[in-house]
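Subject: Handover of a two-chain model

Dear colleague,

Please find the structure below, handed over for your own work. My notes on its sheets, helix packing and contacts follow it.

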Amino acid sequence: MLQQGQQGTVIPYKGLSPNGDCPLLSLLSEVSMAREKRQKELTKILITGNEAIAAGALAAGCNFYAGYPITPQNELIAYMAKYMPGNGRVFIQAESELAAINMVFGASAAGARAMTSSSSPGISLKQEGISYMAGADLPAVIVNIMRGGPGLGNIAPAQSDYFQATRGGGHGDYHTIVLAPACVQEAYDLAQRSFDLADKYRIPVMILGDGILGQMMEPILISCKAPAARRQNKQKPWALSGCKGRKPNIIKSFALAEGALEQLNLKLQQKYNIIKNKETRFEGLFLDDAKIVLVAYGTMARIAKSSLTRMRLAGERIGMIRPISLWPFPKQAFCPRNKKIKYLVIEMSYGQMLEAVQLALNGRAQVEFLGRSGGGVPSEEEIINKVRKIL
Amino acid sequence: MERIFCRPESLYDVPTHYCPGCGHGIAHRLVAEIIDQLGIRERSIGIAPVGCAVVAYNYWKFDCSEAAHGRALAVATAIKRVRPQNIVFTYQGDGDLAAIGTNETVHAANRGENLTVIFINNAVYGMTGGQMAPTTLLGQKTSTTLDGRDRGKHGYPLKISEMLALLSGVHYIERVSLHNPQEVLKAKAAIRQAFENQINNAGFSLVEILSPCPTCWGLSPKESLDWIRDHMQKEFPLGRIK
């Protein structure tokens, strides 16, 4: 039986309170515990998910932002336009998503903590730049507030960019770290963590949300102190700053000589293996006695949790796994107690994370699927009906 | 004895990969000489393009970044905004700056970014084997215009420098050539002006350099220089544009 681990929080079932509250499956445990310890330093504000990501970026010392308008992430660029200028921070409304991501490339090459944000069609355009950054070992944070596709699609929430986000997205053998917040507080927290991970591994990090998370307002606790400068000026000896007192630095992904590109790729693979071992994150709920385990991330996990609560109150043994890191995928969360345990993957897409769950279980348990997309969102009732069908 | 000519400190002592008669070697050297003369090597950051000059950072001895094809001015914009104390320039070919990167070029110029642009116009895509460039002359044969560029099928040579001169954000544009030593000296003066403008925070400065590509033009190095003189500069007149 999986216990609370370094990278995952698993909450055992001890019964629900009379009003049906179950443990808040939406906060990183260590972050929320740290937050409780310093309540007095914190301020409660009401804010949208888009703005919370922007606020988290500012708190993390983000000093460069370039973006291009697209719904449903416009609150994010507006927040950055309002609060970025000054204190050595740069805000640019770019002429396109292509320009924005390449501005992020440049800012990162120059040592800045750089971020861009967009929504699905715009993220497709950014893939070229993300691939270049992966190849050049450049840290950056890219926010995708997903909407329905393919093509222009619509502006309703969706999770249909999971494959694009977790499989690299652009050309070449690469990955970005992908983090999926499920509430506005977590969006704020993960925005900060994203910058630390990006710098630690010199890798692009994607925050993957959807239109509901981006637009939804929730109260969150933020630090009332000035944005932390502590992380901002981390030494980056590889960055471009002028070659005074050292050999010239070159930022590039190009490796033309025979064997050079293979070596570059092998180095990337080494980095990815370290990240796979150290940076998976998830939450598990009531896995100790569950007969059916729901698997969902982001907004979908919120709805799945409501279904779970209702079914628990009716005496049904339901648990849940919420991956927080989508790449690397938290395979270790999937360890069924016996062969009768069934997993139900629920997505706002047509079976994308499903494949990751099937790979993680590798035939050790039955995997079922419920998904809608193109603006369709599986409801609590649909989830409950599906569970009862397979129970 | 006084030494009056030597390799610029801003150039590594290595052979280049360029074809015989190519203009890139001259243009690289002019940039390096000016950076030396202005004493800015230790704070310069160059953006190499995609194209024949993709490994310019193997020749220039100062900090450099690559940029995806056409995106050099987006990359340069951010570097200069993050590090305004550094001298940031892009070095781009005609396909890079005036076809795939037109949008980034126009908007960086229109924002008046305090950058220096070295724009190599050789009227072809050199690296990929001599296809039609936006600046290919009417009638010029390339591997994608076998009967010569036809105005009805391919449009006209794009005068991006004249277009950019219309923008209020642009401070300085000059077109120069490498087809004889006198013109090379004029090119050097224009490059110096474009870097001095940035040092003086004057704004967006671009030097368009007509540069020979004997390999893709199917001419000898000498014939290539004459072709610039006799044909290319008629379509692209030399001199200060803004």
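In chain B, strand S7 (residues 170–177) and strand S8 (residues 204–210) run parallel and are joined by seven bridges. Within this pair, B:Ile173 has B:Leu206 of S8(B) as its bridge partner. Helices (H or I, at least four residues) and strands (E, at least two) are DSSP runs, numbered from the N terminus, and two strands pair if DSSP finds at least two bridges between them.

The model is predicted, so local features need pLDDT of at least 70 and side-chain atom pairs count only at pLDDT 80 or more, whereas totals for chains, interfaces and linings use all residues. Residues are numbered from 1 along each chain as its sequence is written, and chains are lettered from A and ligands numbered from 1 in the order in which they are written.

S7(B) and S8(B) belong to an open sheet of eight strands with mixed pairing, in the order S10(A)-S2(B)-S1(B)-S3(B)-S4(B)-S8(B)-S7(B)-S9(B). Its edge strands are S10 of chain A and strand S9 (239–240) of chain B, each of which pairs on one side only. The link between the chains in this sheet is the parallel pairing of S10(A) with strand S2 (residues 63–66) of chain B, over two bridges. There, A:Ile251 has B:Ser65 in S2(B) as its bridge partner.

Helix H7 (residues 181–199) of chain B lies across strand S3 (87–93), strand S4 (116–121), S7 and S8 of chain B, and runs at about 165 degrees to S7(B). Axes are lines fitted to C-alpha atoms, for helices over the stretch in contact, and angles run from 0 to 180 degrees between N-to-C directions.

The axes of helix H1 (residues 24–37) of chain B and H7(B) come within 9 Å and cross at roughly 50 degrees. H1(B) is therefore oblique to H7(B); angles under 35 degrees count as roughly parallel, over 145 as roughly antiparallel, 65 to 115 as roughly perpendicular and the rest as oblique. The contact involves B:Ile26, B:Leu30, B:Val31, B:Glu33 and B:Ile34 of H1(B), with B:Val184, B:Ala187, B:Lys188, B:Ile191, B:Arg192 and B:Phe195 on the side of H7(B). Two residues are in contact if their C-beta atoms, placed from the backbone, lie within 7 Å. By class, this contact has eight nonpolar, no polar and three charged residues. Ala, Val, Leu, Ile, Met, Phe, Trp, Tyr, Cys and Pro count as nonpolar, Asp, Glu, Lys and Arg as charged, and the others, Gly among them, as polar.

**The sheet of chain A**

Chain A has an open sheet of seven strands, ordered S4-S3-S5-S6-S8-S7-S14, again with mixed pairing. Strand S4 (90–93) and strand S14 (325–327) stand at the edges with a single partner strand each, so one side of each is left without a neighbour in the sheet. On average, neighbouring strands of this sheet are turned by 20 degrees against each other, direction ignored.

Strand S5 (residues 114–118) and strand S6 (residues 140–146) of chain A pair in the parallel sense over four bridges, and A:Thr116 stands opposite A:Ile142 in S6(A). Helix H2 (residues 49–59) of chain A packs on the sheet, where it touches S5, S6 and strand S8 (204–210) of chain A; the direction of H2(A) makes about 175 degrees with that of S6(A).

**The contact between the chains**

The contact takes 32 residues from chain A and 28 residues from chain B. On the side of chain A, H4(A) supplies the largest share, nine residues. That side divides into 20 nonpolar, eight polar and four charged residues.

Helix H4 (residues 97–109) of chain A and helix H2 (residues 72–82) of chain B have axes that come within 7 Å and cross at roughly 45 degrees. H4(A) and H2(B) are therefore oblique to each other. Among the residues that meet are A:Met103 and A:Phe105 in H4(A), and B:Val75 and B:Ile79 in H2(B). This contact of H4(A) with H2(B) has twelve nonpolar, three polar and no charged residues.

**The domains of chain A**

Chain A is divided into domain 1 (29–278) and domain 2 (282–390), with bounds that come from an automatic or database domain assignment. Their C-alpha centres lie 27 Å apart.

With kind regards
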